[in-house]
Amino acid sequence: MKERFQVQLERDSYRLTPQREAVLDVLIAHADDHLSAEEIFLHTREIYPDIGLATVYRNLELLEKLGIIHRFDYGDGQNRYEIRLTEEGEHYHHHLICRECGSIGEFKSDLLEEVEKRIADDTGFRVTDHCLRFFGICADCQKRQKDA
Ligand SMILES: [Zn+2]
Ligand SMILES: [Zn+2]
Ligand SMILES: [Zn+2]
């Protein structure tokens, strides 16, 4: 999987430096965790102890610019990052953000094909991707509320 990202970097004339590789390894290992930059920094330091926070930020910025990772925030002012594991042309999964506990779930089906077609028909705009956040209350929190 990492080879794919290496190819992508080299296509844009960037090398897979050891620091960059450590950041990528962390993001791959935590593909479902939606880590903040600080959390990525702490995990990266376990692999590459000499790395600084500024270097981690620079690499996150670059990887985002190249479309290798995705950055989003869910209203708590923190940037969160996740590696893009989608195939070429496949659309981004949706995020389910719990207002109670702050957990971030994922919903992997697109479900928007109809909407995308409608947009194309009505406006001529071709949707190539989307980034959707649903806010609500997760199943665990609902259960806790019921039990309380
Ligand atoms: Zn879609
Ligand atoms: Zn919750
Ligand atoms: Zn996600």
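## Lining of the largest pocket

In this predicted model, the lining of the largest pocket has 7 charged, 5 polar and 3 nonpolar residues. Nonpolar here covers Ala, Val, Leu, Ile, Met, Phe, Trp, Tyr, Cys and Pro; charged covers Asp, Glu, Lys and Arg; the others, Gly among them, are polar. The lining counts 15 residues, and R4, Q8, T86, E87 and E88 lie nearest the centre.

The volume of this pocket is about 320 Å³. A pocket is an open set of points on a 1 Å grid over the protein atoms alone, where a 1.4 Å probe fits, with protein on both sides within 12 Å along at least five of seven lines; lining residues have an atom within 4 Å of a point. Points are joined across faces, edges and corners, and a volume is the space filled by probe spheres set on them.

## Q8

Q8 is one of the residues nearest the centre of the largest pocket. Q8 sits in helix α1 (residues 2–11). Helices (H or I, at least four residues) and strands (E, at least two) are DSSP runs, numbered from the N terminus.

Q8 is buried, at 17% relative accessible area. Buried means under 20%, exposed over 50%, and partly exposed in between, with a 1.4 Å probe and protein chains only. Leaving out residues up to four places away in sequence, Q8 touches L66, G67 and I68. Contact means heavy atoms within 4.5 Å.

## The second largest pocket

The second largest pocket holds about 210 Å³ of space. Its lining has 14 residues, with L85, T86, E90, H93 and K108 nearest the centre. By class, 7 are charged, 4 nonpolar and 3 polar.

Domain 1 (1–85) and domain 2 (91–148) each give at least three residues to this lining. The domain bounds come from an automatic or database domain assignment.

## Strand β4 and its partners

Strand β5 (residues 104–107) runs antiparallel to β4, joined by 4 bridges. Strands pair if DSSP finds at least two bridges between them. H94 stands opposite F107 in β5. The two strands form a hairpin with 5 residues between them, and G102 in the turn has a positive phi of about 80°.

β4 also pairs with strand β6 (residues 133–136), in the parallel sense, over 4 bridges. Here H95 stands opposite R133.

## Basis

Residues are numbered from 1 along each chain as its sequence is written, and chains are lettered from A and ligands numbered from 1 in the order written. Local features need pLDDT of at least 70, side-chain atom pairs count only at pLDDT 80 or more, totals for chains, interfaces and linings use all residues, and side-chain values use heavy atoms, without hydrogens and water.
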